[in-house]
Amino acid sequence: IGFTGVVRSAASAAALARLGITPRIADLDADVIADLPAADWLFHFAPPPETGETDPRLVGVLAALDAPPSRLIYLSTSAVYGDCAGRWIDEQESLKPKSARGHRRLDAERTTLAYARDHGIAAMILRVPGIYGPGRLPLQRLNAGTPLVQRDQSPYTNRIHADDLASAAQRVAELGIDGAAYNVSDGQPTTMTDYFLRCARLLGVPPPPEQPLAEAMQSMSPMLKSFLEESKRLSNRRLVEELGWRPQYPSLDSGLPASLAADLVVRAFSGAP
């Protein structure tokens, strides 16, 4: 079985090549996307543009395919559910995105399913929360001492280790039901403040100061702000019970140390400080 990865930078292409994946550099925002390789499975993990409420990148990719894949897997976000006031939710929850980011992803979900219906293929949706893992620990933010939300006011957030996201995507491609959506999380929701405090302890840096939620929201990036405005606890029961998937890192207790260990190995081999 051969794998091809479409990326936009030479550095990403080199990383794929080291894994034995054939790289292809392409600009998904170009007017014409030529010669996309045929595929039995197509994983579309590229995010939408950062503005608007649609996903023209996905539309362009699908239009450029010479032939449809047999299975199409789209990586969406849990932001399509909007704010759920901290409730446990599953894939039957109504879709009511609050942010423009959520609206873009919902548009892409609908585009994916419509393409699949029109071409007689299977399509599945992955609804993914915050992704962490090697190279994704927030050392720069922690070193900057950016304040956190006061811990008793920090809403629920959900996470998935990057390796577990990859294994879940493969399991859905193999066994997923046509038209189904799957929440891909470790099933152990916590809060953003708890996450950063755990990372600070692990990385050996001072914990950032805490401030009330309303005050913190004024200084946060739009991405972080959207996480804090949409409190929910994601159930991964469908993925676990229907497809037999099990996360390698079922909680931050195991996933964060493994991420740091992998970072240290990479630095040792690259000669980075």
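Me: Which residue does Asp253 meet in a salt bridge, side chain to side chain?
Reply: Happy to start there, keeping in mind that this is a predicted model. The N to O distance for the pair is 2.7 Å, and a salt bridge here needs a side-chain nitrogen of Lys or Arg within 4 Å of a carboxyl oxygen of Asp or Glu.

Me: How many residues apart are Asp253 and Arg198, and which helices hold them?
Reply: The pair links distant parts of the chain. Asp253 sits in helix α10 (residues 252-270), while Arg198 belongs to helix α6 (residues 192-203). The separation between Asp253 and Arg198 is 55 residues.

Me: Which residue forms a salt bridge with Glu210, and how far apart in sequence are the parts that the pair ties together?
Reply: The partner is Arg151, with 2.4 Å between the closest N and O atoms. Glu210 lies in strand β13 (residues 210-211), but Arg151 is in the loop between β8 (148-149) and β9 (156-157), so the two parts tied together are separated in sequence. Arg151 is exposed at 54%, and Glu210 is partly exposed at 30%. The separation is 59 residues.

Me: Which residues form the uncovered face of strand β1?
Reply: In a regular strand, side chains alternate between the two faces of the sheet. The covered face of β1 (residues 4-7) holds Gly5 and Val7. The uncovered face holds Thr4 and Val6.

Me: What is the handedness of the β-α-β crossover from β1 to β2?
Reply: β1 and strand β2 (residues 22-25) pair in the parallel sense over four bridges, and Val6 stands opposite Arg24 in β2. Between the two strands, the chain passes through helix α1 (residues 10-18). The crossover is right-handed.

Me: Which are the edge strands of the open sheet formed by four strands?
Reply: The order is β3-β4-β6-β11, with parallel pairing. An edge strand here pairs on one side only. The edge strands are β3 (41-44) and β11 (181-183).

Me: What angle does the direction of α3 make with that of β4?
Reply: In the sheet, strand β6 (residues 122-128) is joined to β11 by three bridges, and Ile125 stands opposite Ala181 in β11. Helix α3 packs on this sheet and touches β4 (71-77) and β6. The angle between the directions of α3 and β4 is about 170 degrees.

Me: How far apart in space are Arg101 and Phe227, C-alpha to C-alpha?
Reply: Arg101 lies in helix α3 (residues 100-119) and is buried, with a relative accessible area of 15%. Leaving aside neighbours within four places in sequence, its contacts include Thr77, Met223, Phe227 and Glu230. Arg101 and Phe227 are 126 residues apart in sequence. In space, their C-alpha separation is 11 Å.

Me: How many disulfides does the structure hold?
Reply: Cysteines are present, among them Cys84, buried at 2% relative accessibility, and Cys199, buried at 1%. A disulfide would need a pair of cysteine sulfur atoms within 2.5 Å. The number of disulfides is zero.

Me: What is the phi of Ala85?
Reply: Most residues other than glycine have a negative phi. Ala85 lies in the loop between β4 and β5 (88-89) and counts as exposed at 65% relative accessibility. Ala85 is not a glycine, and yet its phi is positive, at about 55 degrees.

Terms used
Residues numbered from 1 in each chain as written. Predicted model: local features only at pLDDT ≥ 70, side-chain atom pairs only at ≥ 80, totals over all residues. Heavy atoms only, no water. Buried < 20%, exposed > 50% of the residue type's maximum accessible area, 1.4 Å probe, protein only. Contact = heavy atoms within 4.5 Å. Pairing = 2+ DSSP bridges. Right-handed = clockwise from strand over helix to strand, strands pointing away. Axes fitted to C-alpha atoms, helices over the stretch in contact; angles between N-to-C directions.
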